[in-house]
Amino acid sequence: MILVTGGAGFIGANFVLDWLALQDEPVVNLDVLTYAGNLENLASVWNDPRHLFVKGSIADHDLVEELLRFHRPRAILNFAAESHVDRSIYGPEEFIQTNIVGTFRLLEATRGFLAAQNEAFRAGFRFLHVSTDEVYGSLAPTEAAFSEQRKYEPNSPYSASKAASDHLVRAYHHTYGLPVLTTNCSNNYGPYHFPEKLIPLVIHNALSGKQIPIYGDGMQVRDWLFVKDHCSAIRRVLENGKVGETYNVGGRNELTNLSVVNTLCEILDELRPLPDAASYQSQIAFVRDRPGHDRRYAIDADKIERDLDWRPSETFETGIRKTVQWYLANEAWVKNVTSGSYRQWIDRQYR
Ligand code: NAD
């Protein structure tokens with residue numbers, strides 16, 4: 001049994017679906033269902049007896065402690081977070097509460113639970129914290145990619161709150177001996193991505209005939225990783241990672257936002273052609289840049305590749321095509337999310 005937090009969100013849901021497809025071990029899925037949590041992502045495992053969904057917060061110490069004592073999971077995988085940089089700029093409070101206070105409470109409940117367990121159980125237990133490359137700040141164009149030794153220089157309230165949570169996780173290892181692992185991953189893309197983020201937003205706006213907004217000059221560089229590859233990296237770190245270590249995870253796909261948008265338009269032009277052979281690129285509109293927008297992130301994934309023999313299975317070209325195909329085949333999912341009607345789906349499913 002493992003405990004996943006935030007398993008109704010984008011990466012967490014992909015992780016739960018892949019986990020249950022690959023092995024028999026059950027999952028307790030703790031998610032408070034913010035706007036980003038969508039039980040429709042979990043529809044295919046909703047009646048699976050190996051999946052137990054619990055609506056609740058990582059910040060609820062008593063609930064977490066009760067879940068730990070009752071289910072005795074061998075690992076906690078902490079995906080739960082407020083995750084959208086733009087939202088953190090306009091409303092940082094939630095980011096502090098969830099990402100910092102929430103992680104702290106989860107760590108505290110885990111510490112209390114482990115103290116009551118025997119040595120053998122403690123030795124096998126893992127607390128895996130899922131984090132981001134944004135904690136490292138912004139890179140100059142010619143600077144080397146972020147390694148695990150890079151100092152933290154978070155620039156947005158989101159990345160600062162994730163950095164704080166990473167430090168707490170580290171401190172609980174050094175101070176209390178909690179068996180932790182941390183992963184810092186680059187930008188993910190793939191199925192079930194909430195359409196406020198760049199790639200699903202572009203696909204959604206293109207298909208709806210709306211403007212495709214690009215911040216500033218569109219020359220911000222990000223490293224992109226297909227979400228299923230992030231999930232495989234997390235599984236690898238969980239099983240083979242060295243306690244107390246951090247692992248950077250990335251796809252070695254450094255691309256400007258503009259080139260990502262152009263690629264999406266080209267794939268859509270091919271798979272869902274517009275009348276008169278027009279291109280979706282005509283919908284691109286450059287808009288005022290995000291305040292404090294980091295210019296470049298790049299991940300040096302040497303450590304996880306070398307020490308844990310992990311490699312992504314998708315290139316950006318194959319992964320992005322699969323992603324567009326998924327959105328085209330799941331327009332009802334997008335429609336429900338953008339119309340907010342997934343909330344009704346949650347009300348129907350969740351009791
Ligand atoms: P998401 O916003 O899609 O999902 C977050 C999930 O956490 C939602 O289901 C939400 O309901 C849940 N949640 C929020 N507050 C909670 C709380 N207090 N208790 C329980 N559940 C709560 O985010 P995501 O993109 O899936 O990211 C998951 C994790 O991966 C985050 O920690 C994020 O920082 C990290 N990460 C994301 C990316 C990316 O590109 N999306 C890259 C690297 C790391």
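Two strands count as paired here if DSSP finds at least two bridges between them. Keep that in mind as you click through this predicted model.

**Start with the whole span.** Select residues 3–323, which an unreviewed UniProt entry lists as "domain: NAD(P)-binding". That span is 41% helix and 17% strand, and its end C-alpha atoms sit 27 Å apart.

**Now show the sheet.** Colour the 7 strands in the order S3-S2-S1-S4-S5-S6-S10; they make an open sheet with parallel pairing. Look at the edges next: S3 (51–55) and S10 (246–249) each have a single partner strand, so one side of each has no neighbour in the sheet. On average, neighbouring strands are turned by 20° against each other, ignoring direction.

**Zoom in on the pairs.** Pick S6 (residues 180–185) along with S10: the two run parallel, with 4 bridges between them. Select Asn184 and you'll find its bridge partner in S10, Asn248. Then hop over to S4 (residues 75–78), which is joined to S1 (residues 2–5) by 4 bridges, again parallel. Thr5 stands opposite Asn78 of S4 here. S4 is also linked to S5 (residues 126–132) by 4 bridges, in parallel, and Leu77 has Leu128 in S5 as its bridge partner.

Which strands does helix H2 touch? Select residues 61–71 to see H2 packing on the sheet against S1, S2 (27–31) and S3, its direction at about 175° to that of S2.

Terms used. Residues are numbered from 1 along each chain as its sequence is written. This is a predicted model: local features need pLDDT of at least 70, side-chain atom pairs count only at pLDDT 80 or more; totals for chains, interfaces and linings use all residues. UniProt positions are given in the numbering used here, feature names are shortened, and annotations may be inferred rather than shown by experiment. Axes are lines fitted to C-alpha atoms, for helices over the stretch in contact, and angles run from 0 to 180 degrees between N-to-C directions. Two residues are in contact if their C-beta atoms, placed from the backbone, lie within 7 Å.
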